[in-house]
Structures are given as structure tokens and as C-alpha cells.
Amino acid sequence: MIDVVYLKNGSVIRGIITEQTPNESLKIKTSDGNLFVYQMGDVERISKEEVVEAPKKSFTEQLREAQREEMKKAVIDRGYVGFAGLDYGYCTGDFNNFLNFGFSTVHGYQINPYIFVGAGLGLYMWGEYRGGYIDLSVPMFFAARFTPLKKPITPFVDMRIGYAAGKVDGLYFNPYVGIRIGIRKSFAAYIGLGYQLQKMEGVKDMKINYDTGKVSYTKTKVNCNAVALRVGFEF
């Protein structure tokens, strides 16, 4: 049971009455340790009421609540952020028989909950399906990401632009959109889909001399376009 003091101004004070002088005053101590003194002329009535405790949460409910609180910490704020992911590109056009698979990593700074800038590099394997050979390229690029929502689960827009070195070399450009899923503080998973452009060495003006069997051509840079899928994690 607990003492309840109803005041004439409409206030209700719950606690333990520690001292009471009839027709003069009373002192009541609340559960948070505060002590209040009231004149009896300000008191409408005093009663004792049963304390109703909130129902205890089950272990499952407590676990879910803890997970929700942990998810709230997974919102991007500011500071160092790193990314690592696996990339797959489905090449189109004249390169639709090409294999394009690799790994990339990015490191940089989260300026605020919405904007990230950094730099990264990758290691990509290029080759023809059932072609029996693989060429490697190492793209080095500038990266930027825009995250519109300050929430654990949010869409994002990412852009990478740079230059690839190796057997497949030239301009590298990869914008894509995706979903970021915050798992806990400083850790998230993401998946994205976008467009990939890779410049590479090709030929043009190919001519065949059927009398001699010689082939002549001019080397040039050509565009390899691909639909790019990326999955990875943020740390």
C-alpha cells in the first residue's frame, strides 16, 4: 500500500507520509527520494492505495528490446568507416560472354549521418565463359555515398570513379543504389545494384587480306558495360 495525497489544485502525490500534524501540515516522501511539505488547508483528501506493478517482461521480450536498442546505435553518425564487398558484373553488348567477378574495399570518413567520402581499390577477374583464360585488373577509385535516412535500415546511393590498372586497364565508373542494414554499432550489411563501365583495350577498322591471310587493325579503348551486383559489410 502507498499513501496518496490529493491536493485541491488537482495534483496527486504518491509516497509515504513521514510526518503529519493534525489540521496543520504533512510531509510525504516520494519513491524518487523527494520530500514534500503541504499545509492541510491545501489538501483535499488522503488515502491509501495498492501499488500496481507493471507486468514483468519475458526473456524473449527483454531480448527483443535489447536488440532494438542495439539497432538504434547502428545509425551512421561520423568518423572512420570501412567497406568490403564482393562484386559481380553481368556484361552486355559485345562483351556478354565475359566473366567479371571480384572484391573491393573502401575506406574513408563519414562527414555526417548522410554523406561519406573515401577511396578504395579492387581486384577483378575478367575472362570469357568457358574461354580458359583470366585477366586481372586493379581499379583504384574515389568513392562517395549519400544516405538519405538517419535510420538503421536505409537506402543509399553510391558512386565510384577511378582508373583500373593491369591486363584490363582504363577508366572505371560504377554508380549504384542499395539498402544498408545496421546490425550493431559500427557494423552493417549492404546490398546494391547498379551500372559498371570499364574501359579496356579493343580493336577497330579490322581488315582481312584474303590473298595473304593477314589481318590488320587499329588498337583503341572500348567500353565494357555491365549490370553490377555488390554485397558486403560496413565496419
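**Notebook: salt bridges and nonpolar cores**

I searched the whole structure for salt bridges (a side-chain nitrogen of Lys or Arg within 4 Å of a carboxyl oxygen of Asp or Glu) and found 9. The model is predicted: local features need pLDDT of at least 70, side-chain atom pairs count only at pLDDT 80 or more, and totals for chains, interfaces and linings use all residues. Residues are numbered from 1 along each chain as its sequence is written, and side-chain values use heavy atoms, with hydrogens and water left out.

**Entry on charged pairs**

I recalled that side chains of opposite charge can pair when their charged atoms come close.

I looked up Arg-230 and found a salt bridge with Asp-87, the closest N and O atoms being 2.6 Å apart. Arg-230 lies in strand β13 (residues 214–234) and Asp-87 in strand β6 (residues 79–91), so the pair ties together parts that are 143 residues apart in sequence. I noted that strands (E, at least two residues) are DSSP runs, numbered from the N terminus. Are the two partners buried or exposed? Arg-230 is buried, with a relative accessible area of 3%, and Asp-87 is buried at 5%. Here buried means under 20% relative accessible area, exposed means over 50%, and partly exposed lies in between (1.4 Å probe, protein chains only).

I then examined Arg-145, which forms a salt bridge with Asp-158 at 3.3 Å between the closest N and O atoms. Arg-145 belongs to strand β9 (residues 135–146) and Asp-158 to strand β10 (residues 153–166), so this pair joins parts that are 13 residues apart in sequence. Both Arg-145 and Asp-158 are buried. I also recorded a network of salt bridges that links Arg-145, Asp-158 and Arg-160.

My next pair was Lys-221 and Asp-169, whose side chains meet in a salt bridge (2.9 Å, N to O). Lys-221 is in strand β13 and Asp-169 in the loop between β10 and β11 (170–184), 52 residues apart. Lys-221 counts as partly exposed at 38% relative accessibility, as does Asp-169 at 22%.

**Entry on nonpolar cores**

I next searched for nonpolar cores, that is, sets of buried Ala, Val, Leu, Ile, Met, Phe, Trp, Tyr and Cys residues joined through side-chain atoms within 4.5 Å. The largest has 19 residues, and those with the most contacts inside it are Cys-91, Trp-126 and Met-200. Strands that each supply at least two residues of this core include β6, β7 (98–110), β8 (115–128) and β13. Apart from this core lies another, of 9 residues, among them Ile-13, Ile-28, Tyr-38 and Val-43.

Notes: Helices (H or I, at least four residues) and strands (E, at least two) are DSSP runs, numbered from the N terminus.
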